[in-house]
Amino acid sequence: MSEKQIKHEEVTKKYGDPWIWGIYFTLVIISIIESYSASSREVPALGIYMPLVKQCIFLLIGGVMLYFIHRIDYNNRTLLAFIIYILPIITLASLVYMLMFGEVINGAQRAIKLPGNLTIQPAELAKLTIVTILSNIFARNQRNQDVASRGLFIAALSIALFGFFLIKSGLTNTLLLMAISVSMMLIGGTKIRKIAITFLAYSLILGTLFIIKGHNDKQEQLLNNTTGEIVVNGNDTIAIANSDNDKTKISKSGLRDATWQNRLHEWWESDKLVYRPITNKNQQEMFSRMAQAHGGIVGVGIGNSRECSRLPLAFSDYIYSIIIEEMGFIGGVFVLILYLWLLARALMIARRCRRVLPALLITGMASMIVFQALFHMAINVGVFPVSGQPLPLISKGGTSIVVTNIAFGIMLSISRTIANAKDKKSSKNEENQLPDELRAENPTQLIRPNEWK
């Protein structure tokens, strides 16, 4: 190896992959700058510096968790027990609680309120949890460089279970879980035929959902056309009080389904957006497109955004539009490359793993971050229909920031453990400390076992 490669290996053994560290710190810097720049709508209520202070506090909490996680070998029995067994239980409990008593945010029941005016969004925990669950399932069901059909069936049931809880809080979260699962199937060595069948099953599930819920179009039309007073009755129904004193009840789930269909319709007709007047329904799309057009190639400069004061949720769901406005097309592409490079580094490290479990974990964590980022960007530029999805580590949102930091910590832990494992004799190989049922060989391994001695 060259001197540069040797130095890279030494740094990786001590701290974890330096490229992942570089991507992390770059995203943190962008987060601090852009989240504060996009927070002008919060300044009247919180003050000039409080939006920046809140973002830095969440980044600090997440950073501390990242540091301690990355110092623990990924195959530590306590860490494995937590992420594979305890974390899913905590996540499922929070999803059940959210479904029953959750707070409504931006038209969807998606948060759990805590003392001190804090909230937790279980959907963010679910993304992290599904990676650990699928890694466990696929590692236990490796058969001849393929995932056994039994394992795929259990994985599909897991996706369906989490999707059931998340579907009410937003369709994109369910789609994201499906995308993560497919990427992990690929790295787990699943045959293309099985992946195609799984993809078809996902498509049928989504298609059935829209067909069954199609009758709610009439309910949405009734709501839009009514001149009566809208009254909220608890968590289950919305009643429209008409002039003749009778009430027509519409389920909240029906309103969400109609919302998806309306968003799909608006997205399909988005080429006509420029000819429409700005309304409460389309102001997000309109102002986000204006921000991107205003940015041009090189942007208007950090802190000079014009649309952040008008664009709803500019600091969270539409922060990518503000990045393009201030940093231009070049800045937007730079941020995109950061996320794609993170996935590329994860795949490179995954191919060096002797066991399939760390390969699945690092690929799943990277896929979770990158797919979420791509969903956010696609929504901002109009490729996908409007939906709420934060930009990982950059958008405001305490749960999202903490979960993303945990994912980075696990990736760095794996990269550090794998680098150190190559220097140890086979009998003392750190990867051999895994439980027997999780020691399946990695079917995509680049470095052969005899090269690790």
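Two residues are in contact when heavy atoms lie within 4.5 Å. Leaving aside neighbours within four places in sequence, Arg345 has contacts with His8, Asp17, Trp19 and Ile20. This is a predicted model, in which local features need pLDDT of at least 70 and side-chain atom pairs count only at pLDDT 80 or more, while totals for chains, interfaces and linings use all residues. Residues are numbered from 1 along each chain as its sequence is written, and side-chain values use heavy atoms, with hydrogens and water left out.

**Overall make-up**

- The secondary structure comes to 15 helices and six strands; helices (H or I, at least four residues) and strands (E, at least two) are DSSP runs, numbered from the N terminus.
- Of the 453 residues in the protein, 52% are buried. Buried means under 20% relative accessible area, exposed means over 50%, and partly exposed lies in between (1.4 Å probe, protein chains only).
- Among contacts between residues at least 6 apart in sequence, 71% join residues at least 24 apart.
- The accessible surface of the protein is about 21200 Å², and carbon and sulfur atoms account for 64% of that surface. Accessible areas come from the Shrake-Rupley method with a 1.4 Å probe, and for residues only the protein chains shown count as cover.

**Arg345**

- Arg345 belongs to helix α13, which covers residues 319–350.
- Arg345 counts as buried because its relative accessible area is 11%.

**Salt bridges**

- Side chains of opposite charge can pair when their charged atoms come close.
- The structure holds nine salt bridges, a salt bridge being a side-chain nitrogen of Lys or Arg within 4 Å of a carboxyl oxygen of Asp or Glu.
- One of them joins Asp146 and Lys194, whose closest N and O atoms are 3.0 Å apart. This pair links distant parts of the chain, 48 residues apart: Asp146 is in the loop between α6 (122–140) and α7 (149–166), and Lys194 is in helix α9 (residues 192–212).
- Both partners are buried: Asp146 has a relative accessibility of 9%, and Lys194 has one of 13%.
- Arg306 and Glu307 form a salt bridge with an N to O distance of 2.8 Å.
- Glu307 also meets Arg310 in a salt bridge, at 2.8 Å from N to O. Through shared partners, Arg306, Glu307 and Arg310 are joined into one network.
- Arg306 is partly exposed at 43%, and Arg310 is partly exposed at 36%.

**Aromatic rings**

- There are eight aromatic pairs in the structure. Rings of Phe, Tyr and Trp (its six-membered ring) pair if their centres lie within 6.5 Å; planes under 30 degrees apart count as stacked, over 60 as edge-to-face and the rest as tilted.
- Trp21 and Phe25 are a stacked pair because their ring centres are 5.5 Å apart and their planes lie at 20°.
- These two residues are four places apart in helix α2, so about one helical turn separates Trp21 from Phe25.
- Trp21 is buried at 15% relative accessible area, whereas Phe25 is partly exposed at 47%.
- One aromatic cluster is formed by Trp21, Tyr24, Phe25 and Phe408.

**Lys396 and Lys54**

- The charged end of Lys396 sits over the ring of Phe315, 5.7 Å from the ring centre. A charge sits over a ring if NZ of Lys or CZ of Arg is within 6 Å of the ring centre and within 35 degrees of the ring normal.
- Lys396 and Lys54 are 342 residues apart in sequence, but their C-alpha atoms are 8.8 Å apart in space.
- Lys54 lies in helix α4 and is partly exposed, with a relative accessibility of 38%.

**Nonpolar patch**

- Tyr36, Leu46, Ile48, Tyr49, Met50, Val53, Ile57, Ile61 and Met65 make a nonpolar surface patch of about 800 Å². Patches are made of residues with over 30% relative accessible area and no salt bridge: like charges are joined within 9 Å, nonpolar side chains (Val, Leu, Ile, Met, Phe, Trp, Tyr) within 5 Å.
- Helix α4 (residues 50–70) gives the largest share of the patch, five residues.
- Tyr36 is in helix α2 (residues 18–37) and is partly exposed, with a relative accessible area of 30%.
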